[in-house]
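Please keep the structure open beside them and look up each residue as it is named.

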Amino acid sequence: MCEVCGTKGPLIMHHVRTLKTVNGDTPWGRQMLYRHRKTVAVCAECYAKIKESER
C-alpha cells in the first residue's frame with residue numbers, strides 16, 4: 001500500500017541520501033521526517049509527483 005495516498009498495487013521505493021535534503025513542505029517529505037526514514041514506498045503516480053517536484 002502506498003504510504004502517501006494509500007492505494008494498493010505495485011510499489012516503488014523512493015529514497016534519499018540524507019534526511020537533511022528532505023523538504024518538509026511536501027506530504028512525502030513530512031512523512032519521511034516524522035518517521036526518521038530515508039525511504040518511502042509509493043505508487044507510480046506518487047513517485048512521478050515526487051520526481052517532478054525535485055526538478
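1. The side chains of E3 and R35 meet in a salt bridge, with 3.0 Å from N to O; the term stands for a side-chain nitrogen of Lys or Arg within 4 Å of a carboxyl oxygen of Asp or Glu. This pair links distant parts of the chain, since E3 lies in the segment before β1 (12-15) and R35 in helix α1 (residues 27-35), 32 residues apart. Helices (H or I, at least four residues) and strands (E, at least two) are DSSP runs, numbered from the N terminus.

2. Please bear in mind that this is a predicted model, in which local features need pLDDT of at least 70 and side-chain atom pairs count only at pLDDT 80 or more, while totals for chains, interfaces and linings use all residues. Residues are numbered from 1 along each chain as its sequence is written, and side-chain values use heavy atoms, with hydrogens and water left out.

3. Which residue meets R37 in a salt bridge? The partner is E3, at 3.2 Å from N to O, and this pair also links distant parts of the chain, with R37 in the loop between α1 and β2 (39-42) and E3 in the segment before β1, 34 residues apart. The structure holds 2 salt bridges, and E3, R35 and R37 are linked in a network of them. Side chains of opposite charge can pair when their charged atoms come close.

4. Are these residues buried or exposed, or something in between? Buried means under 20% relative accessible area, exposed over 50%, and partly exposed in between (1.4 Å probe, protein chains only). E3 counts as partly exposed because its relative accessibility is 22%, and partly exposed also describes R35 at 38% and R37 at 27%.

5. In α1, the residues W28, G29 and M32 are buried. Seen down the helix axis, the buried residues of α1 fall within an arc of 100 degrees, so they line one face of the helix; the arc is that of the directions from the helix axis to the C-beta atoms. What covers these buried residues includes β1, β2 and α2.

6. The largest pocket has a volume of about 160 Å³, and its lining includes H14, V16, W28, G29, M32, S53 and E54. On a 1 Å grid over the protein atoms alone, a pocket is an open set of points where a 1.4 Å probe fits, with protein on both sides within 12 Å along at least five of seven lines, and lining residues have an atom within 4 Å of a point. The volume is the space filled by probe spheres set on the points, which are joined across faces, edges and corners. The elements that give two or more residues to this lining are α1 and α2 (44-54), and α1 gives the most, with 3 residues.

7. Just after α1, H36 takes a positive phi of about 55 degrees, although H36 is not a glycine. Most residues other than glycine have a negative phi. H36 lies in the loop between α1 and β2 and is exposed, with a relative accessible area of 64%.

8. C43 has its place in the loop between β2 and α2 and counts as buried, at 9% relative accessibility. Leaving aside neighbours within four places in sequence, C43 is in contact (heavy atoms within 4.5 Å) with C2, C5, T7, P10 and L11.
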